[in-house]
Amino acid sequence: MNIYFCGSIRGGRQDVNIYQRIVKRLQEYGNVLTEHVSYDSLSEKGEDGDKAIHDRDMKWLMLSDVIVAEVTQPSLGVGYELGQAMAMKKKVLCLFRPSSGNVLSAMIRGASSDSLFQVKDYTEHDVESILEKYFGCLDKV
């Protein structure tokens with residue numbers, strides 16, 4: 001299974017430690033095409049050139065079977081990826097941490113009525129169990 005992980009890069013790297021935990025767990029379920037999002041060494045500027053990043057990530061998005069997005073830190077790029085994933089009819093799991101004090105966009109939370117698109121509130125303590133439950137259900141489909 002190819003998994004596309006989304007997390008903020010240019011929108012801020014405050015949650016990189018959480019991204020690392022999520023990616024580590026995702027690797028138990030499949031090939032994480034975008035594990036670089038969890039790298040400490042990745043700065044807010046990203047890497048490569050803008051066109052190369054866009055084209056590469058769109059290719060990976062098309063190749064993915066499921067998208068997991070950590071959406072606590074607002075990010076235009078993550079929002080774009082999620083819109084593209086929905087247009088491609090991909091399975092999407094968005095993870096949001098209410099304890100951050102941020103408010104999740106209505107465009108993301110409101111989309112969760114679609115069976116392919118789910119939003120789960122989580123705490124750092126329970127993120128692994130949420131992923132386990134989500135991927136356990138995918139295996140039964």
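In helix α2, the buried residues are I53, D57, M58 and L61, where buried means under 20% relative accessible area, exposed over 50% and partly exposed in between (1.4 Å probe, protein chains only). These residues cover an arc of only 125° around the axis, which puts them on the same side of α2; the arc is that of the directions from the helix axis to the C-beta atoms. The model is predicted, so local features need pLDDT of at least 70 and side-chain atom pairs count only at pLDDT 80 or more, while totals for chains, interfaces and linings use all residues. Residues are numbered from 1 along each chain as its sequence is written, and side-chain values use heavy atoms, with hydrogens and water left out.

**Helix α2**
- An α-helix has 3.6 residues a turn, so residues three or four places apart point the same way.
- The 14 residues of α2 (residues 50–63) should span 20 Å at 1.5 Å a residue, and the end C-alpha atoms are 20 Å apart, which agrees; the expected span is 1.5 Å times one less than the number of residues.
- The buried residues of α2 pack against β1 (2–6), β3 (66–70) and α3 (76–87).
- Exposed residues K51, K59 and M62 are carried on the face turned away from the buried side of α2.

**Loop between β3 and α3**
- T72 lies in this loop and counts as buried at 2% relative accessibility.
- The side chain of T72 reaches the backbone nitrogen of R97 at 2.9 Å.

**Loop between α3 and β4 (91–96)**
- K89 has its place here and counts as exposed at 63% relative accessibility.
- Phi of K89 is near 60°, a positive value in a residue other than glycine.

Notes:
Helix = DSSP H or I, 4+ residues; strand = E, 2+ residues; numbered from the N terminus. Contact = heavy atoms within 4.5 Å. Polar contact = N/O pair within 3.5 Å; in protein donor to acceptor, adjacent residues only side chain to side chain.
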